[in-house]
Number of protein chains: 2
Amino acid sequence: MINEHYLSMLSNKSVIRNLSEYATARGKEIGYENVFDFSLGNPSVPAPQSFTDTALDFLKNMEPLRLHGYSPTLGIPEVKDKVAASLNRRFDMNYTGNHIFPTSGAAGALAHALRAVTKPGDEVLVFAPYFPEYNPYINDTGARIKVVPADLETFQINFEEAEKYLTENVAAVLINTPNNPSGVLYSEETLTRLADLLTRKSKEFGHNVFLISDEPYREIIFDGKKAPYVAKFYPHTLTCYSFSKSLSVPGERIGYVAVNPACEHADDIVPMCGQISRGIGHNCPSSLIMLAMAETCDDTSDLSVYETNMNLLYDTFTELGFTVVRPGGTFYIMPKALEEDAVAFCQKALKYDLVFVPADGFGAPGFFRVAYCIDTEKVERALPRIRQFVKENYPNAGH
Amino acid sequence: MINEHYLSMLSNKSVIRNLSEYATARGKEIGYENVFDFSLGNPSVPAPQSFTDTALDFLKNMEPLRLHGYSPTLGIPEVKDKVAASLNRRFDMNYTGNHIFPTSGAAGALAHALRAVTKPGDEVLVFAPYFPEYNPYINDTGARIKVVPADLETFQINFEEAEKYLTENVAAVLINTPNNPSGVLYSEETLTRLADLLTRKSKEFGHNVFLISDEPYREIIFDGKKAPYVAKFYPHTLTCYSFSKSLSVPGERIGYVAVNPACEHADDIVPMCGQISRGIGHNCPSSLIMLAMAETCDDTSDLSVYETNMNLLYDTFTELGFTVVRPGGTFYIMPKALEEDAVAFCQKALKYDLVFVPADGFGAPGFFRVAYCIDTEKVERALPRIRQFVKENYPNAGH
């Protein structure tokens with residue numbers, strides 16, 4: 001019998017998908033270069049040459065039986081060791097290879113991490129604004145997502161609300177910093193307060209609340225800053241990472257779960273991920289991609305374009321009178337719309353071939369997300385269009 | 001809170017895993033070439049050169065942003081079209097690319113297919129002997145596995161028992177032909193009877209019972225025969241395939257679900273798989289691997305070694321008086337042990353450095369599985385050892 005739950009999901013098309021389809025259709029009419037599509041979070045810079053060269057080298061020189069053979073259930077040991085060494089060197093941690101579980105991107109990492117530290121019926125807290133895919137990621141495990149309302153001034157964590165939501169039913173808290181959709185980087189102060197809250201509540205409940213840190217944008221940080229490494233702040237942390245953005249290889253589906261050695265059950269969680277894989281059909285990422293990643297996990301693509309684009313957009317939005325928090329990283333910015341209804345605002349923008357995403361689905365109604373992982377030249381051409389759109393539709397905005 | 005279900009699974013080590021660890025340890029003592037390890041189903045021939053060449057070509061010549069970019073949720077259209085065309089050409093089917101969902105191997109294919117056509121609480125029938133990983137594959141979806149006892153004479157389907165097990169609670173039937181662990185190929189007669197049974201019961205129940213056909217060994221067929229294509233026999237068939245064996249690339253995790261265009265909800269099932277992916281963290285196989293597979297999906301490694309090995313072992317087991325069904329394909333053979341307790345039998349064989357797997361866990365107690373995906377030279381060296389083991393331990397066997 002067909003599964004009615006998944007069947008019914010087919011009729012709920014996502015806002016982003018609809019907008020992106022609109023942009024593609026409009027592109028066919030007027031040329032895609034004339035559609036200012038800020039809807040999709042796709043890297044716009046190529047993979048580093050080192051990644052390509054390493055993959056070529058493996059294909060040319062490693063025995064095919066070894067290169068393409070089954071990986072051990074918990075991942076290739078040398079790969080795990082190299083990832084651990086890289087994290088230890090960069091973030092002053094003490095992972096061993098046994099704490100690393102290679103996965104198919106961050107989606108695969110979250111699928112494992114969530115199942116390892118929750119059971120059906122448990123609650124998982126996320127903080128608005130948040131990535132809407134967390135809804136199926138969490139709910140399809142049998143646990144239940146609970147969204148803590150945003151601090152709309154700063155997009156750091158709203159601790160007053162967090163305190164209320166963090167009940168005994170909460171098994172894990174899932175954060176994403178730097179954040180999609182706001183671009184905001186959680187400060188050391190925020191992470192310290194979060195750790196204090198989790199520690200206090202864990203003690204009160206008599207069980208540890210786990211922290212799952214989703215960090216695919218960790219390497220895209222602006223203004224010369226360094227992102228605080230989340231697991232340094234709280235022992236019971238599972239770090240979920242993807243190389244999609246840092247190496248610009250989102251199609252290759254490569255990432256990992258890193259289990260803090262100070263975590264409760266630290267030595268069990270990776271083997272548990274191996275068990276979880278059996279039910280969800282995972283069984284490791286591609287062996288070739290895993291090996292190429294291990295050799296290049298300290299490298300990144302040239303990510304500077306994102307900061308250049310951010311500055312152009314931030315300055316323009318500010319100049320035009322938008323309320324907007326300056327992003328600390330990612331390739332997103334999330335200004336407040338110039339009318340209450342962000343959906344109506346984005347609809348009006350479409351008439352100027354500006355494709356923005358209303359942030360209602362991200363838990364930030366009244367705001368809109370602008371993804372600027374596109375060529376700077378296109379961002380520059382979009383700026384006068386944004387000005388025109390605002391002046392013609394919101395003549396009273398503070399510009 | 002840690003998930004106790006997955007935690008408790010850590011203490012149940014699989015028989016195969018234990019034997020394989022024994023073989024590795026013993027190999028360190030006496031040299032791995034002297035351990036006759038027939039426990040693991042790992043391909044022993046290299047990938048075809050065409051696969052390597054195609055992957056090299058993509059890495060050298062395709063723009064990295066395109067090569068490594070996000071795939072559409074339902075897979076790369078050109079890849080899907082090529083797989084459909086190959087299946088249509090080879091098996092006289094009428095798939096379009098829209099009926100193909102690329103996955104991370106057969107495990108990924110089954111994870112999607114099972115969720116698409118069952119809901120938690122439903123029953124899924126499998127026929128003994130069967131691959132024990134079907135237990136977590138099925139039970140972790142929330143559906144429940146029901147094992148139909150084997151026909152121990154032929155290892156075709158035991159229809160008398162099937163009739164009893166096929167109740168109204170059964171949403172899907174999962175078959176695997178040619179079969180792991182028996183090596184048996186379901187005959188056209190078996191598949192016709194199965195289709196008749198499913199059609200009759202579907203009518204009686206007022207809902208279609210889906211057939212999930214797990215076919216990773218489809219290309220390893222002996223005696224010059226051709227494997228009947230399961231979906232030709234029954235419309236409501238989801239074919240789950242892996243290139244692990246045909247292209248010898250098990251580490252690359254590449255396969256697909258193919259939905260018979262005559263199936264109920266044929267046009268919905270692939271989009272439903274896209275929804276299922278969100279919860280289980282799948283999001284397509286590696287783009288590079290998907291593209292290389294599409295160009296080489298009609299090729300295979302040189303698979304002839306498996307038939308050579310099968311003949312050597314079949315002749316020897318027969319000559320020694322074993323009851324054994326001649327495999328029609330795969331790289332497995334499953335003789336009856338020479339005493340009732342196959343576990344005791346395999347323990348005794350270990351003393352001769354012969355590593356066989358008791359088939360109790362495969363639903364065939366009293367039998368043992370021999371995986372002969374090893375060099376022919378090693379099989380030849382094992383034969384006198386098998387003779388010695390049998391003569392010294394079972395002097396009254398019919399040899």
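Which domains does the domain assignment of chain A give? The assignment gives domain 1 (4–47 + 302–393) and domain 2 (49–296). The model shown in these views is predicted.

View 1. Domain 1 of chain A is built from two stretches, 4–47 and 302–393. Domain 2 of chain A spans 49–296. Taken over C-alpha atoms, the centres of these domains of chain A are separated by 27 Å. At the boundary, 25 residues of domain 1 of chain A are in contact with 31 residues of domain 2 of chain A. On the domain 1 side, α12 (304–319) and β9 (332–333) of chain A each supply at least two residues. α12(A) gives the most to that side, with three residues. By class, this side of domain 1 of chain A has 16 nonpolar, seven polar and two charged residues.

**View 2**

**View 3. The interface between chains A and B.** Here 63 residues of chain A are in contact with 63 residues of chain B. Several helices of chain A each supply at least two residues to the side that touches chain B. They are α1 (4–9), α3 (49–61), α4 (64–67), α6 (105–117), α7 (134–139), α10 (266–280) and α11 (287–296). This side of chain A has 31 nonpolar, 22 polar and ten charged residues. Of the interface residues of chain A, 100% are also interface residues in chain B, so the copies meet through the same surface.

**View 4. Strand β3 of chain A and its two partners.** Strand β3 (residues 123–127) of chain A has four of its five residues buried, so the strand is largely enclosed by the rest of the structure. β3(A) pairs in the parallel sense with strand β4 (residues 144–148) of chain A, over five bridges. Look for A:F127, whose bridge partner in β4(A) is A:V148. Together, β3(A), α7(A) and β4(A) make a right-handed β-α-β unit. β3(A) also runs parallel to strand β5 (residues 170–176) of chain A, joined by four bridges. There, A:V124 has A:A172 of β5(A) as its bridge partner.

View 5. How many of the five residues of strand β6 (residues 210–214) of chain B are buried? Five are, and the strand is mostly covered. B:F210, B:I212 and B:D214 point one way from β6(B). B:L211 and B:S213 point the other way. Strand β5 (residues 170–176) of chain B pairs with β6(B) in the parallel sense, over five bridges. In this pair, B:L174 stands opposite B:I212. From β5(B), the chain crosses through helix α9 (residues 188–205) of chain B to β6(B), and this β-α-β crossover is right-handed. Strand β7 (residues 237–242) of chain B also pairs with β6(B) in the parallel sense, over four bridges. B:T239 in β7(B) stands opposite B:S213.

**View 6. A:L198 in helix α9 of chain A.** A:L198 lies in α9 (residues 188–205) of chain A. Is A:L198 buried or exposed? A:L198 is buried, because 24 other C-beta atoms lie within 10 Å. Beyond its neighbours within four places in sequence, A:L198 is in contact with A:V173, A:V209, A:L211 and A:Y234. A:N208 is ten residues apart from A:L198 along the chain, and their C-alpha atoms are separated by 7.9 Å.

**View 7. Helix α11 of chain B and its cover.** Nine of the ten residues of helix α11 (residues 287–296) of chain B are buried, so the helix is largely enclosed by the rest of the structure. The buried residues are B:S287, B:L288, B:I289, B:M290, B:L291, B:A292, B:M293, B:A294 and B:T296. What covers them includes α3 (49–61), α4 (64–67), α5 (77–91) and β2 (100–103) of chain B.

Technical notes. Residues are numbered from 1 along each chain as its sequence is written. Chains are lettered from A and ligands numbered from 1 in the order in which they are written. This is a predicted model: local features need pLDDT of at least 70, side-chain atom pairs count only at pLDDT 80 or more; totals for chains, interfaces and linings use all residues. Two residues are in contact if their C-beta atoms, placed from the backbone, lie within 7 Å. Ala, Val, Leu, Ile, Met, Phe, Trp, Tyr, Cys and Pro count as nonpolar, Asp, Glu, Lys and Arg as charged, and the others, Gly among them, as polar. A residue is buried if 20 or more other C-beta atoms lie within 10 Å of its own, exposed if 12 or fewer, and partly exposed in between; C-beta atoms are placed from the backbone. Two strands pair if DSSP finds at least two bridges between them. A crossover is right-handed if, with the strands pointing away from the viewer, the path from the first strand over the helix to the second runs clockwise. Domain bounds come from an automatic or database domain assignment.
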